[in-house]
Amino acid sequence: MLLNDKTVIITGASRGIGRAAALECARQGANLVIGYSGSESSQPLVDELIGEIRSLGRDATSVGAPAGDPNTGDKLVDAAVSHFGSVDVFVNNAGICPFHSFLDMPRDTYLETVNTNLNGAYFAVQAAANRMKEQGNGGAIIAVSSISALVGGAMQTHYTPTKAGLLSLMQSCAVALGPYGIRCNALLPGTIETDINKDDLADQDKRDYMIGRTPLGRLGRPEDMAGPIAFLASDMAAYVTGASLLVDGGMFVNLQ
Ligand SMILES: NC(=O)C1=CN([C@@H]2O[C@H](COP(=O)(O)OP(=O)(O)OC[C@H]3O[C@@H](n4cnc5c(N)ncnc54)[C@H](O)[C@@H]3O)[C@@H](O)[C@H]2O)C=CC1
Ligand SMILES: C[C@H](O)[C@@H]1OC(=O)[C@H](O)[C@@H]1O
């Protein structure tokens with residue numbers, strides 16, 4: 001197992017990519033702190049996920065707190081330490097992408113997107129890194145960035161800068177935290193079918209277009225992200241830091 005007895009924190013883990021990553025980390029031997037928004041509607045999903053993790057023979061606890069709140073990272077770290085005694089891996093995954101055109105972007109939509117996806121991530125990564133430094137055994141930090149860190153989208157002008165920001169944050173943190181043995185990497189998913197793009201992909205033309213751009217001939221599934229996240233979290237990636245792992249079915253390189 002790749003993550004035996006490690007403590008892994010994952011934000012936005014109630015569903016989608018975060019959930020699949022949590023289950024894979026549990027299969028690989030980790031105990032989990034499940035970060036979620038704290039909304040009532042998420043609670044049953046979180047309870048079900050914790051049940052699944054326990055049925056895999058591992059343990060999990062949850063923290064309901066908004067990703068954009070600068071104190072959320074401290075709460076996640078406190079929960080990891082009080083339940084499991086350490087923080088070994090931190091996966092910053094929570095994110096939103098409310099598709100909207102640029103010229104009439106509501107200021108609140110822009111600010112909420114940047115706050116949830118990037119500002120909260122900064123403080124959460126800082127909290128996890130301080131704990132890892134204190135423990136003195138290194139650690140692994142992974143930010144779920146996106147193919148959108150590299151390319152634009154007319155309906156994503158508020159979103160793509162947050163994903164480029166996360167990629168850049170991991171690069172700079174790799175430099176800042178390397179001396180403590182803390183590795184920092186970015187995962188760049190392509191188009192993965194989850195709730196974040198359910199409405200967008202309900203448009204059959206858009207869906208066919210995205211599939212057509214993907215050499216592997218299908219959209220991604222959350223499970224496709226889980227192995228790469230577990231790899232980056234594990235000692236198999238002991239010399240990988242400051243890297244970005246594009247997991248997109250080949251979409252990015254498909255010019256013509
Ligand atoms: N689905 C895709 O095609 C891609 C997704 N990503 C990124 O992957 C990450 C996960 O997204 P998906 O699993 O696709 O979508 P999703 O909508 O299924 O999951 C998003 C998760 O973030 C949580 N979340 C949202 N706002 C939050 C808040 N304010 N506080 C705490 N948690 C909050 C949600 O509760 C949910 O658990 C996001 O950062 C997204 O930008 C990146 C590239 C492609
Ligand atoms: C929400 C989008 O469909 C998804 O998110 C991203 O980061 C990429 O732009 C994907 O297409």
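The chain has a mean pLDDT of 98, and 100% of its residues reach 70 or more, where pLDDT is the predictor's confidence in each residue, from 0 to 100. This is a predicted model, in which local features need pLDDT of at least 70 and side-chain atom pairs count only at pLDDT 80 or more, while totals for chains, interfaces and linings use all residues. Residues are numbered from 1 along each chain as its sequence is written, chains are lettered from A, and ligands are numbered from 1 in the order in which they are written. The model also scores ipTM 0.99 and pTM 0.99.

Turn now to the sheet, which is open and is formed by 7 strands in the order S3-S2-S1-S4-S5-S6-S7, with parallel pairing. Strands (E, at least two residues) and helices (H or I, at least four residues) are DSSP runs, numbered from the N terminus, and two strands pair if DSSP finds at least two bridges between them. At the edges lie S3 and strand S7 (244-247), each of which pairs on one side only.

Strand S1 (residues 7-10) runs parallel to S2, and 4 bridges join them; isoleucine 10 has isoleucine 34 in S2 as its bridge partner. Strand S2 (residues 31-36) is in turn joined by 5 bridges to strand S3 (residues 60-64), again running parallel, and here glycine 35 is partnered by valine 63 in S3. Together with helix H2 (residues 43-55), S2 and S3 make a right-handed β-α-β unit, right-handed meaning that, with the strands pointing away from the viewer, the path from the first strand over the helix to the second runs clockwise.

Which residues are the closest to ligand 1? They are Gly12, Gly16, Gly95, Thr194 and Ile196, out of 27 residues that surround this ligand, a residue being counted if its C-beta atom, placed from the backbone, lies within 6 Å. Helix H1 (residues 16-27) gives the most to this shell, with 3 residues.

Over residues 6-183 the chain is 48% helix and 15% strand.
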